Amino acid sequence: MRHHAGLTRGSRLLLAAACLGTLGCAAASDGSNGEAAELSTAEVLATLQALDEAVRQKDTATIAGILTDDYTYLSSRGGVRSRDWLLRDLLGHPSYRLDHSERGEVQVSLYGATAVVSSRWRGEGTYNGEPVRDDQRCSLVMVKDAGRVRVAMEHCTQIVP
């Protein structure tokens with residue numbers, strides 16, 4: 001798939017998502033000179049580890065650098081949240097505290113410059129004085145753009161015992 005200058009980032013993301021099931025999307029462009037920018041499993045895992053560590057540390061500057069500008073979070077209750085919400089209203093909120101978190105059962109599927117990652121994320125902490133205990137299946141869409149691996153979208157579904 002080649003980058004087209006007339007497409008917005010959102011349009012490119014939708015186009016990339018539509019290509020995931022086709023054989024013709026084996027190579028994708030990073031937009032830098034029309035050259036293919038293959039994404040590796042090692043790059044995906046390193047970015048995921050950096051994201052998780054930044055979340056544990058409430059390092060919103062690092063998190064902001066890992067998320068695309070149009071990052072979207074989809075909740076298990078159908079909520080749609082923006083990058084700004086995640087950085088300011090959740091992770092950056094003074095009442096948010098994460099005492100423990102872990103990510104496991106990670107599976108990475110590569111499609112040129114795009115990766116679809118599934119995992120299980122568990123975390124415990126507090127938000128607005130209320131205890132939070134998450135055990136979720138999460139899927140992330142990660143992209144390599146201009147040499148950087150970033151998270152474009154995430155959807156987490158709470159596992160109900």
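Is Tyr73 buried or exposed? With a relative accessible area of 14%, Tyr73 is buried, a class that means under 20% relative accessible area, against over 50% for exposed and partly exposed in between (1.4 Å probe, protein chains only). The views below are of a predicted model, in which local features need pLDDT of at least 70, side-chain atom pairs count only at pLDDT 80 or more, and totals for chains, interfaces and linings use all residues. Residues are numbered from 1 along each chain as its sequence is written, and side-chain values use heavy atoms, with hydrogens and water left out.

**View 1. The chain as a whole.**
The chain holds four helices and six strands, taken as DSSP runs numbered from the N terminus (helices H or I, at least four residues; strands E, at least two). Along the sequence these elements follow the pattern α-α-α-β-β-α-β-β-β-β. The chain has 161 residues, of which 36% count as buried. Contact is defined as heavy atoms within 4.5 Å. Among contacts between residues at least 6 apart in sequence, 54% join residues at least 24 apart.

**View 2. The six-stranded sheet.**
The strands form an open sheet with mixed pairing, in the order S2-S1-S6-S5-S4-S3; two strands pair if DSSP finds at least two bridges between them. S2 and S3 stand at the edges with a single partner strand each, so one side of each has no neighbour in the sheet. From one strand to the next, the twist averages 20°. Such angles run from 0 to 180 degrees between N-to-C directions, and the axes are lines fitted to C-alpha atoms, for helices over the stretch in contact. In general, strands of a sheet pair through backbone hydrogen bonds, either parallel or antiparallel.

**View 3. Strand S6 and its two partners.**
Strand S1 (residues 67–74) pairs with strand S6 (residues 148–158) in the parallel sense, over four bridges. Leu67 has Val151 as its bridge partner in S6, and Thr72 has Met153. Strand S5 (residues 130–145) pairs with S6 in the antiparallel sense, over 10 bridges. Here the bridge partner of Arg137 in S6 is Thr157. The hairpin of S5 and S6 has two residues between the strands, and Ala146 takes a positive phi near 55° there.

**View 4. The surroundings of Tyr73.**
Tyr73 belongs to strand S1. Leaving out residues up to four places away in sequence, Tyr73 touches Gly79, Val80, Arg81, Gln136, Glu154 and Cys156. Tyr73 and Arg83 are 10 residues apart along the chain, and their C-alpha atoms are separated by 7.6 Å. Arg81, one of the residues touched by Tyr73, also lies over the face of Trp85, at 4.9 Å from the ring centre. A charge sits over a ring if NZ of Lys or CZ of Arg is within 6 Å of the ring centre and within 35 degrees of the ring normal.

**View 5. The buried side of helix H4.**
In H4, the buried residues are Arg83, Leu86, Leu87, Leu90 and Leu91. They cover an arc of only 125° around the axis, which puts them on the same side of H4; the arc is that of the directions from the helix axis to the C-beta atoms. An α-helix has 3.6 residues a turn, so residues three or four places apart point the same way. The buried residues of H4 pack against helix H2 (41–56), helix H3 (60–66), S1, strand S2 (80–82) and S4.

**View 6. Helix H2 across the sheet.**
H2 lies across S3, S4, S5 and S6, and runs at about 165° to S3. Within this helix is Asp52, buried with a relative accessible area of 11%. Apart from its neighbours within four places in sequence, Asp52 is in contact with Arg103 and Trp121. Glu53, also placed in H2, counts as partly exposed at 36% relative accessibility. From C-alpha to C-alpha, Glu53 and Ile63 are 9.3 Å apart in space and 10 residues apart in sequence.

**View 7. An aromatic pair.**
A search of the whole structure finds one aromatic pair. The rings of Tyr96 and Tyr127 have centres 6.4 Å apart and planes at 65°, so the pair is edge-to-face. Rings of Phe, Tyr and Trp (its six-membered ring) pair if their centres lie within 6.5 Å; planes under 30 degrees apart count as stacked, over 60 as edge-to-face and the rest as tilted. Tyr96 is buried at 11% relative accessibility, whereas Tyr127 is partly exposed, at 24%.
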